[in-house]
Amino acid sequence: MTMAAWMSLALFVAIAVALSAGFPVAFTLAGVSLAFAALGILTGTFDPVFLEAFPNRMYGVMTNETLIAVPVFVFMGVMLERSRLADQLLRSLASMMRGMPGGLGIAVVLVGAMMAASTGIVGATVVTMGLISLPTMLERRYNPAVATGTICAAGTLGQIIPPSIVLIILADQLASAVDQASTMRKGLYKDATGEIAMPSEFDIVSTSAGDMFMGAFIPGLVLVAIYMAYILISALLRPKTAPPVHYEGELDRKFALSVLLALVPPLTLIFAVLGS
């Protein structure tokens, strides 16, 4: 292996160790990268000319209208976690599915889907659902593998259910790639025909974040249905892994009002974000 390959491997290991030690993600990625850039300059494996584009690149990212949605969605996820709406929603849905095999796991998937459609990020959903539902599922004699797997599966729904930060970043990267491909295609057309203007039917059209949201919406719902069906079938075939939970209380008007109050804020947020 070359020196540059060893440096890349060491960079990956250093980032993994720093993240495992509990350092903040932003400072870890920036600090380790700059430290290895300085080390690369000293060893001659990194050209410092690349650092000259760093201010312009940072300014371009900060002024990108598409990427503005990323910190806003992160803020939404933090607010849902701090307001304990997910906790209320999980308790209400779990109470509605009393006596149903795997009902608590299905409630976790539903809450994970709603949080995914509200925040668009994975970390906040996984952490929130882990803190809220994992102790309850283990207390109700759920199999640890089923409990943790359900939480992880429900948490990753934020990658596909709109609005997804992954889809936003992917749309931005595709737009940049389309611009580069369009420039190259115009140059090739000019070299082949001698004409400056290329017909529009030969050009490449980018995919917007809204189009990607529309394309991922149905597959996201299908994935939620598959998760729920798997938990239900698994609970029916192996009742001890996800036993039904019996909750105290009555399904009266007061309970219906509490469920409504728990559902309205996240649903309103989902419709407001996707509708706009």
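Guide: What follows goes from the overall fold to a cavity and then to one residue. This is a predicted model, in which local features need pLDDT of at least 70 and side-chain atom pairs count only at pLDDT 80 or more, while totals for chains, interfaces and linings use all residues. Residues are numbered from 1 along each chain as its sequence is written, and side-chain values use heavy atoms, with hydrogens and water left out.

Visitor: How many helices and strands does the protein have?

Guide: Helices (H or I, at least four residues) and strands (E, at least two) are DSSP runs, numbered from the N terminus. Here the protein has 11 helices and 0 strands.

Visitor: Where is empty space left?

Guide: Rolling a probe the size of a water molecule over the atoms shows this. On a 1 Å grid over the protein atoms alone, a cavity is a set of points where a 1.4 Å probe fits but cannot get out, and lining residues have an atom within 4 Å of a point. Grid points are joined across faces, edges and corners, and a volume is the space filled by probe spheres set on the points. The count comes to 1 cavity of 30 Å³ or more, and the largest cavity holds about 60 Å³ of space.

Visitor: Which residues line the largest cavity?

Guide: The lining consists of Leu80, Leu85, Ala86, Leu89, Val111, Met114, Met115, Ser118 and Pro266. Its largest share, 4 residues, comes from α6, and α5 (85-96) and α6 (103-119) each supply at least two residues.

Visitor: Is Thr241 buried or exposed?

Guide: Buried means under 20% relative accessible area and exposed over 50%, with partly exposed in between (1.4 Å probe, protein chains only). Thr241, found in the loop between α10 (209-237) and α11 (253-275), counts as buried because its relative accessible area is 12%. With contact meaning heavy atoms within 4.5 Å, Thr241 touches Arg141, Tyr142, Asn143, Val146 and Ser234, not counting residues up to four places away in sequence.

Technical notes:
On a 1 Å grid over the protein atoms alone, a cavity is a set of points where a 1.4 Å probe fits but cannot get out, and a pocket is an open set with protein on both sides within 12 Å along at least five of seven lines; lining residues have an atom within 4 Å of a point.
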